[in-house]
Amino acid sequence: MAHPPPPWHLFGELIIVPALVRPRALGGVMLASYTSGTLVYRELIVFSHATARGMAVSHIYVDDEQSLSGGREIWGLPKELATFEYTRTHFAARQGTTLLEARIRRRPGVLPLMIPAPIVSEAGATLGRARIKAAPALVALDVPPTSPFARLGLSGTRPALAGDALSLTMPAPRS
């Protein structure tokens, strides 16, 4: 499948849910809906732990074949296809069975915030940047025992960061 060349410019909204994962490491998830820009798709990123260079992505799911192809070929990301339900109060990702469900309580974003989006992979290093209008959120995650990342212990209710007016730029990796 052909995919657009970098840089990718994506616009929409996201929810970042940090969590202590097993065995006692900082991890979490990012739930995103890119509604315009280079591509339009939904995404679930699972972070298994933090490193000195950023968060380690253990699982990443998208609902668009161009995003899947570009993520793998350009940035070396382990993207897989899934189906999504996404509203401002509910998120679900499925691959036949449920991977994750989230109930989201949030307010509209108002605080301007820039978030670095580093990727380090065999493809090289990329430093993307995201701008959002941020607000606090409360997210109840449900990860069934059959989910491939159930061992991380992400289920539960956690404080989160909601981001409206997302503007994300992902340049090509530098080797």
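This is a predicted model: local features need pLDDT of at least 70, side-chain atom pairs count only at pLDDT 80 or more; totals for chains, interfaces and linings use all residues.
Residues are numbered from 1 along each chain as its sequence is written, and side-chain values use heavy atoms, with hydrogens and water left out.

Q: Why is the contact between Glu85 and Arg94 called a salt bridge?
A: A salt bridge requires a side-chain nitrogen of Lys or Arg within 4 Å of a carboxyl oxygen of Asp or Glu. The N to O distance between the side chains of Glu85 and Arg94 is 2.8 Å, so the pair meets the criterion.

Q: What makes Glu85 and Arg94 buried, exposed or partly exposed?
A: Buried means under 20% relative accessible area, exposed over 50%, and partly exposed in between (1.4 Å probe, protein chains only). Glu85 has 39% and Arg94 has 22%, so both are partly exposed.

Q: Why is Asp164 called buried?
A: Its relative accessibility is 13%, and therefore Asp164 falls under the 20% limit. Arg106 is buried as well.

Q: Which parts of the chain does the pair of Arg106 and Asp164 tie together?
A: The closest N and O atoms of this salt bridge are 2.4 Å apart. Arg106 lies in strand β8 (residues 97-106) and Asp164 in strand β11, so the pair joins parts 58 residues apart in sequence. Strands (E, at least two residues) are DSSP runs, numbered from the N terminus.

Q: What makes Asp164 part of a network of salt bridges?
A: Asp164 also meets Arg88 in a salt bridge at 3.0 Å, N to O. That pair links distant parts of the chain, 76 residues apart, with Arg88 in the loop between β6 (83-86) and β7 (90-95). Glu13, Arg88, Arg106 and Asp164 are linked in the network.

Q: What class of residue makes up most of the lining of the largest pocket?
A: A pocket is an open set of points on a 1 Å grid over the protein atoms alone, where a 1.4 Å probe fits, with protein on both sides within 12 Å along at least five of seven lines; lining residues have an atom within 4 Å of a point. The lining has 29 nonpolar, six polar and three charged residues. Ala, Val, Leu, Ile, Met, Phe, Trp, Tyr, Cys and Pro count as nonpolar, Asp, Glu, Lys and Arg as charged, and the others, Gly among them, as polar. Ile45, Phe47, Val57, Ala117 and Pro118 lie nearest the centre.

Technical notes:
Helices (H or I, at least four residues) and strands (E, at least two) are DSSP runs, numbered from the N terminus.
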